[in-house]
Amino acid sequence: MTDNTRNILDQQVDWHSPKVRARLRRRHRTDFLFRAIGFSAVAAAGLFLVFLLGNIIKNGAPGFLQTSIEVDVAFDPSLLPDPTLERAEFAAAMARVDLQRLLRQSLLDHFPEVSGRADTIRLTRMLSSGARAQLRDILVRNPAVVGTTGKVWLLASDEVDQVVKGNVDISLPEQNRKLKNKELVWLQRFESEGRVSLSFHSRFITAGDSREPELVGVWGAIVGSGLTLLVTLLTAFPIGVASAIYLEEFAPKNRFTDIVEVNINNLAAVPSIVFGLLGLAFFLGVMGMARSAPIVGGLTLALLTLPTIIISARAAIAAVPPSIRDAARGLGASSMQVAFHHVVPLAMPGILTGTIIGMARALGESAPLLMIGMVAFIVDVPGGVNDPATVLPVQIFLWADSPERAFIEKTSAAIMVLLFFLIAMNGMAIWLRQRFERKW
Amino acid sequence: MSQHILRTYDDELMEVRSVVVRMGGLAAEQLAEAMQALKELDTDLAEKTRQGDKQLDALEALAETTVIGVFARRAPVADDLREVVSALKMTTMIERMGDYAKNIARRSMSIAEGQGVILMPHLLEDMAAEAHEMIHEVMDCYVKRAADDAIAVWERDEQLDNMYNAAYRQILARMMEAPEQIAVLSHYLMIAKNLERIGDQATNVAEQVYYAITGDILEEARQKRDGAASESVGE
Amino acid sequence: MLNAAIESENEALSPPKMTIRDVHVHYGDIHAVKGVTLDLRPDQVTALIGPSGCGKSTLLRCMNRMNDTIADCRVEGQVFLDGQDIYDSQIDVVQLRARVGMVFQKPNPFPKSIYDNVAYGPRIHGLATDRDALDEIVEASLEKAGLWQEVKDRLDQVGTALSGGQQQRLCIARAIAVNPEVILMDEPCSSLDPIATAKVEALIDELSARYAIVIVTHSMQQAARVSQKTVFFHLGEMIEYGDTTQMFTAPREDRTRDYITGRIG
């Protein structure tokens, strides 16, 4: 029976025959082809990423800058309260002052040729509505300026800002532009006097939302996201890790745990908006918690992140070699001691990585939060988990929806802030993994 | 017996065994030739016998290298261990048998060269036949792996011892009758002793065969058996 | 017949440390160990040999109830430690495992310092009253495991950074730190090189004066080298039990012979 096979195997193979060479060439060609395809795929992905990031940065970077105009403001004592008043009284009196008038007066002093109601309004509208707040701040901080004239940098309106940034084509016919020719002339005058500057706008980082693009800030959303994630972390992490430890180390392997396992895996694939519906029905409907509050958002996102945390924690726990469990058990450690002295500490980097990735996902979620009302327009920075708040992705969603041209760059700038936090969180996950990963 | 998983191991063990068997055959042949030379006082045949011993020596050396190779590379255990250890000892024993045969041949030459030829005592021929048969039988047991037959060979040694005692007395008596023949007769006496020694070696080989096959020491096994037999007698 | 041999031996020798009487182990439908009866003496090394899946490791794991954690594992029969049935409900398995230590196939030190590796057992069993006592236990255990000279200057180094042979000796030190009476070894040298193996074997030899040692091994030569008694298992059955020398020169059973000489059984 083996005689035939043996004969075949005994034959000398000619490694130099044309047939063999051709086959070898073909093999090298397919090798090369496959490598080329693989490389192109990676290159294409890289290009997309570069394009995406480049686009966002190009659009978003100007969002951090803001045009200001230097105006000589005459702090007319007849329009302002008595600076000798007590500080609190002065502040209270300031609230009733018509700063718009003061501003208008100062601008008209600068442009004596401007007259008529319409032009005056146009002139004052070149400055942001936030300019009044700036003046008020100056006065409240230092009442002594009353009666003097000072040079003050005041925020320009978003339309002026856009022109200064070059985002508006001023060669268009006048009726197609928001900023008319008259205003351009005034702006040129300011520019020629060196009274226009484009500089870093800290307000974008420190302020809350606003209707005016030049007054918006992401701080409210950052704090909202932070509070929401804090709630998510405090709920999802202990529950998730405890479930994972129980399922992996203690639960008997039977039909019931199988079903639990399958369902956890399925939950991870459920669209996030469904969790929003659940949050709406349960936390708002049944528990009657406050709408738009980080606590509700956090709990809803906790539901969303739980499967991710459980799955990754289980994987991390299962990856701890059984020999470590055997070693501990062989020394007489109880199941609890085995789990908490050995398995969990060894699995911790993996658990934390999974948790951070889950948190990063929660940070990027907007859909479920829309369902529980975190989409409201909120100007104030939230002070606690029960205050109405919004989060970064929802803020981005809101701004992207706004009609003003200036909101395009604010949207991109907010995306940059969100990406920064996501990259920071992922970087932390990588660092944790590198730092605590054990070899055995 | 079943094969080893490693076939070359089997081959090496077979090689060892075949060398032992060839040595056994050669030793028996040497004995027969030496006795014939003695009987016929054929010095040429005696010389040929003496030369034949070198072949035995060479085979013994071959057995030794093969066995050492098995130890070094196979680390034999259980029957394999017993097999190779016994083979090593058996080849030494068989080589000794060859030495005794060579001795007989040498003495036959001395007798032939001496004056006044005295014919070989009859008993020596019987002894040689007995010893020859013992060698044959023990090699048979070895080839057939028949432990019980090895006991039979072992027991035959008593018979050879008795024959030796008889021969000893007979030759001694003839020495006293004819003191002038003492020189020749003493050769015959030594030959009788050699034959008895060959029988002893055959017995030793039988012990080795028994041990290689069963793993028990033959003497102990016999004592146990005898003990059991006497017990059963006692009942 | 085998049981009779063991029982007749009992009369002649000191009382056994551990006695195994007619133990059967089932994994679900699989009958992994079929009626094993065995005695382990306090000053002897017993080697369990046999082909893979013959139940020797399973039996070993019965001796300190490591099989408890396997869901569908069922143990019948009795295992006595100093005359007390270890499968009795009164027995605390945690304490049992301190008395019957175990060393595993792959060296498995905890990814902690060498000191903590050895100190872990005494800590969880509260064997040391203070830090000094613990230091003493650690040193004595490492000394006994022949590792003290090699590691005394780097006790705070992580145990997994040692070489394979040192790791295994560290595991042995860890096992003896809780002062066990029996040490079970499941193929302790299978991942070690010959020199490390020789060192571990020398250690086993030294420890055998003080502990009853049971070693499962796939290396026949190792069983021959380190043990005084050898047990041969085949398909869950105990085929032969006897003195190691006798087993390796003249096994009684054909199956034993075929296995140890490498024959096609």
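Me: In strand 2 of chain C, which residue is the bridge partner of Ile20(C)?
Reply: In this predicted model, strand 1 (residues 18-27) and strand 2 (residues 30-40) of chain C pair in the antiparallel sense over 7 bridges. Within strand 2 of chain C, the bridge partner of Ile20(C) is Leu38(C).

Me: Which residue in the turn between strand 1 and strand 2 of chain C has a positive phi?
Reply: The two strands of chain C form a hairpin, with 2 residues between them. In that turn, a positive phi of about 60 degrees belongs to Gly28(C).

Me: Which chains share the most contacts, and which helix of chain A gives the largest share of the side that touches chain C?
Reply: Of the 2 pairs of chains in contact, the one sharing the most contacts is chains A and C, whereas no contact joins chain A and chain B, whose closest C-alpha atoms lie 18 Å apart. The contact of chains A and C takes 18 residues from chain A and 20 residues from chain C. On the side of chain A, helix 14 (322-330) and helix 15 (335-364) each supply at least two residues, and the largest share, 6 residues, comes from helix 14 of chain A.

Me: Is helix 5 of chain B roughly parallel or roughly antiparallel to helix 6 of chain B?
Reply: Helix 5 (residues 147-177) and helix 6 (residues 182-214) of chain B pack with their axes 9 Å apart, at an angle of about 170 degrees. Because angles over 145 degrees count as roughly antiparallel, helix 5 of chain B is, relative to helix 6 of chain B, roughly antiparallel.

How values were computed:
Residues are numbered from 1 along each chain as its sequence is written. Chains are lettered from A and ligands numbered from 1 in the order in which they are written. This is a predicted model: local features need pLDDT of at least 70, side-chain atom pairs count only at pLDDT 80 or more; totals for chains, interfaces and linings use all residues. Two residues are in contact if their C-beta atoms, placed from the backbone, lie within 7 Å. Helices (H or I, at least four residues) and strands (E, at least two) are DSSP runs, numbered from the N terminus. Two strands pair if DSSP finds at least two bridges between them. Axes are lines fitted to C-alpha atoms, for helices over the stretch in contact, and angles run from 0 to 180 degrees between N-to-C directions. Angles under 35 degrees count as roughly parallel, over 145 as roughly antiparallel, 65 to 115 as roughly perpendicular and the rest as oblique.
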